Structures are given as C-alpha cells and as structure tokens.
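Subject: Structure for you to look at

Hello,

Here is the structure I promised to pass on.

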Amino acid sequence: KSFDEPETAPLNNVEWQFQITDRAPYLITQSFLPTLKKNQGQIVFVNSSAIQKAIPALGQYSSSKFALKGLADSLREEVNSYRVRVLSIYPGKTATSMQEKIFLENGNSYRPESLLQPEDISDIIICSLTLPRTAEVTEIYIRPLLKGFEE
C-alpha cells in the first residue's frame, strides 16, 4: 500500500507534506513580504497539476498543493493594492529525477524527451514576470505536448 493512502498513511507523513509544500513557502513569503510590497515585487509559487483531479493514493500531496493554491490566491488579493504580482504555475510531468523515480517505481519506461523540460517551466515564468506592469498572469497550467506521457 502507498504511504499516502488514508488507511495506512502515518500522521507524520501528512505533517511533513504540509511542512514542505505549504508552510515553507508561507514562511519564506512572510519574511520577504515587506520588501516585496515596498518594491512592487513578484511572487511565484510552483504548484502541481495534481490539483486538477483526484488521484488515488495522492491525498496528502494533493491536499497540501490545494493549501498552497489557497495561500497564493489569498495572498494575491491581499497584496494587489501594493502592485505585487502573484503567479501560480501548475506544471505537468517534467523531466526531473523525481519523475524518473516515479516512472520507474510504477514500472513505466522513463522517456524524458516526451515530458516538459525544466527550461520550459523557467521560460514561461520569465515570460510572465517580464510582462508590462499593466498585466498580471495569475495561473499557468502547462503540460507535455505529447499525450499519454503525462499520466
């Protein structure tokens, strides 16, 4: 059974997931917020496409990512009057060591050339952040072009 299934998941796994996924970005943002507000800064939260649909045995991960979305959405409303932009990006499967491990654990062939590349993610973030200050991109969902490799 998966460590994330409700019947078998130890509580400390849930707490750890929220520490990493939600609390850490919250604390980092909180510490920089005065400077961001003063300088009309920009905040980017890299989230996960896992929040788009329920995925069995990913309850802890998905719920922590939903919490991050809530943080970003609330923060965006709170800092808008300071002209601080808040972007959430939801990448699909990206060619990383984490994805390689997941593919192999699930008995699937890992073909990184079929997935998003890390530079795809950085390029779209940079593009969004360099828009004129009259625009704010709030959310980006990005997926691998070839279907059948992101699931």
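Below is what I found, starting with the whole chain and ending with single residues.

**Overall**

Please bear in mind that this is a predicted model. The protein has 4 helices and 3 strands. Along the sequence they follow the pattern α-β-α-β-α-α-β. The C-alpha atoms fill a box of roughly 50 × 35 × 20 Å along the principal axes. Of the 151 residues, 34% count as buried. The protein exposes about 9,300 Å², and carbon and sulfur atoms supply 58% of that area. Take the contacts between residues at least 6 apart in sequence: 69% of them join residues at least 24 apart.

**The strands and the crossover**

Strand S1 covers residues 42-46, and strand S2 covers 85-91. S1 and S2 pair in the parallel sense, over 5 bridges. Within that pairing, Ile43 stands opposite Val86 in S2. The chain gets from S1 to S2 through H2, and this β-α-β crossover is right-handed.

Ile43 and Phe45 form the covered one. Gln42, Val44 and Val46 form the uncovered one.

**The cores**

Which residues make up the largest nonpolar core? There are 11 in all: Leu33, Leu36, Ile43, Phe45, Leu68, Leu71, Ala72, Leu75, Val79, Val84 and Val86. H2 gives the most, with 5 residues. Leaving out residues up to four places away in sequence, Leu33 touches Ile43, Leu75 and Val79.

A second, separate core has 7 residues. Among them are Leu87, Ile121, Ile140 and Ile142.

**Helix H2**

H2 has 21 residues, so at 1.5 Å a residue it should span 30 Å. Its end C-alpha atoms are 30 Å apart, which agrees.

Its buried residues are Gln60, Ser62, Ser64, Lys65, Leu68, Lys69, Leu71, Ala72, Leu75, Arg76 and Val79. Note that this list includes Lys65, Lys69 and Arg76. What covers the buried residues of H2? The cover includes H1, S1, S2 and strand S3 (139-142).

**Residues in loops**

Asn47 sits in the loop between S1 and H2. Is Asn47 buried or exposed? Asn47 counts as buried, because its relative accessibility is 5% and the cut-off for buried is under 20%. Not counting residues up to four places away in sequence, Asn47 touches Lys65, Leu68, Lys69, Ile89, Tyr90 and Pro91. Lys65, Leu68 and Lys69 are also on the list of buried H2 residues.

Val137 lies in the loop between helix H4 (118-129) and S3. At 25% relative accessibility, Val137 counts as partly exposed. With residues up to four places away in sequence left out, its contacts are Val86, Leu87, Ser128 and Leu131. Val137 and Val86 are 51 residues apart along the chain, yet their C-alpha atoms are separated by 7.8 Å. Val86 belongs to the largest nonpolar core, while Leu87 belongs to the second one.

Two further loop residues deserve a look at their backbone.

- Gln40 is in the loop between H1 and S1. Its phi is near 50°, a positive value in a residue other than glycine. Gln40 is partly exposed, with a relative accessible area of 36%.
- Arg83 is in the loop between H2 and S2. Its phi is near 65°, again positive in a residue other than glycine. At 42% relative accessibility, Arg83 counts as partly exposed.

**Phe103**

Last, turn to helix H3 (residues 97-105), which holds Phe103. Phe103 counts as buried, at 8% relative accessibility.

Best wishes

Note on methods. Residues numbered from 1 in each chain as written. Predicted model: local features only at pLDDT ≥ 70, side-chain atom pairs only at ≥ 80, totals over all residues. Heavy atoms only, no water. Core = buried A, V, L, I, M, F, W, Y, C linked by side-chain atoms within 4.5 Å. Buried < 20%, exposed > 50% of the residue type's maximum accessible area, 1.4 Å probe, protein only. Helix = DSSP H or I, 4+ residues; strand = E, 2+ residues; numbered from the N terminus. Contact = heavy atoms within 4.5 Å. Expected span 1.5 Å × (residues − 1). Pairing = 2+ DSSP bridges. Right-handed = clockwise from strand over helix to strand, strands pointing away. Areas by Shrake-Rupley, 256 points an atom, 1.4 Å probe, with all protein chains shown as cover.
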